[in-house]
Amino acid sequence: MQGQPAHPDQRPGRTGRPGRHPVRVRGHPQPGGGPLMLDDLPGWGAVPTPAGEFRLNPVRLPADLELLAGWMNDPEVDEFWELAGPPAVTERHVRAQLDGDGRSVPCLGLLDGAPMSYWEVYRADLDPLARHYPARPHDTGVHLLLGPAASRGRGLGAVLLAALADLILGQYGHCGRIVAEPDVRNRRSVRAFERAGFRAAAELDLPGKRAALMIRDRDLLPA
């Protein structure tokens, strides 16, 4: 199951395709004001899931670069992320977020201590994505890829998405819903979001893809 950033950078990459880089959001208006929320994400701790103990660790460069670049060069991942190539391609993508203002945080997902997924947790209401749907203050977006091929195709994405959605909504009181925008062609990803409690709200024409707008509402949070 893969997802990808909503808005690709239009600079041609090594292969001539547009490279996918996170959107620079400095200066983008902040609906509703309030904190950026993502600064304390490392302190949210681990979450028990049926698959094991899950936690997010912020990506560290250069320590995590070789692992991430290896995942990005898997053809199944590259089909939607389009970050295959030398490690510098992945590094630019991640570095743009690490050097940003905290509105997007790239993380490794660890299951029972083993890194097996890559996540981007971001303020969707402060992203250019907000121009394409009726954004609400503090909407929080997620992108996900499962790294090892053995992690895919067995329902793990849905388990982890549900766990992370519950964690964000439980820890971040300003956030009323989680959003995602997988490519409509990526049926595996869309199904995983649906099984994790997200609903398909619309289809969006975004730069570089037609996306399914998936929304997980706070009222689904376990009591």
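Modeller: Here are some questions and answers about this predicted model.

Colleague: Happy to start with the backbone! Is the peptide bond from L61 to P62 cis or trans?

Modeller: Good place to begin. Most peptide bonds are trans. P62 sits in the loop between β2 (52-58) and α1 (65-72). The bond leading from L61 into P62 has an omega near 5 degrees, and that bond is cis.

Colleague: Where is D112 found, and is it buried or exposed?

Modeller: Most residues other than glycine have a negative phi. D112 is not a glycine, yet its phi is positive, about 50 degrees. It is found in the loop between β3 (104-111) and β4 (114-123). Exposed means over 50% relative accessibility. D112 has 56%, so it counts as exposed.

Colleague: And which loop holds E82?

Modeller: E82 also has a positive phi, about 55 degrees, although it is not a glycine. Its place is the loop between α2 (75-81) and α3 (87-98).

Colleague: How are α1 and α3 oriented to each other?

Modeller: Their axes are 9 Å apart, and the helices pack at an angle of about 105 degrees. The contact is made by L65, L68, A69 and M72 of α1 together with P87, T90, E91 and V94 of α3. By class, that contact has 6 nonpolar, 1 polar and 1 charged residues. Angles of 65 to 115 degrees count as roughly perpendicular, and therefore α1 and α3 are roughly perpendicular to each other.

Colleague: How far apart in space are P58 and C107, C-alpha to C-alpha?

Modeller: P58 lies in strand β2, and at 30% relative accessibility it counts as partly exposed. P58 and C107 are 49 residues apart in sequence. In space, their C-alpha atoms are separated by 4.2 Å.

Colleague: Leaving aside its neighbours within four places in sequence, what is V142 in contact with?

Modeller: V142 is one of the core residues that touch the most other members. Setting those sequence neighbours aside, its contacts are E120, Y122, L161, L164, I168, I178, V179, A180 and F193.

How values were computed:
Residues numbered from 1 in each chain as written. Predicted model: local features only at pLDDT ≥ 70, side-chain atom pairs only at ≥ 80, totals over all residues. Heavy atoms only, no water. Helix = DSSP H or I, 4+ residues; strand = E, 2+ residues; numbered from the N terminus. Buried < 20%, exposed > 50% of the residue type's maximum accessible area, 1.4 Å probe, protein only. Axes fitted to C-alpha atoms, helices over the stretch in contact; angles between N-to-C directions. Parallel < 35°, antiparallel > 145°, perpendicular 65-115°, else oblique. Contact = heavy atoms within 4.5 Å. Nonpolar A, V, L, I, M, F, W, Y, C, P; charged D, E, K, R; others polar. Core = buried A, V, L, I, M, F, W, Y, C linked by side-chain atoms within 4.5 Å.
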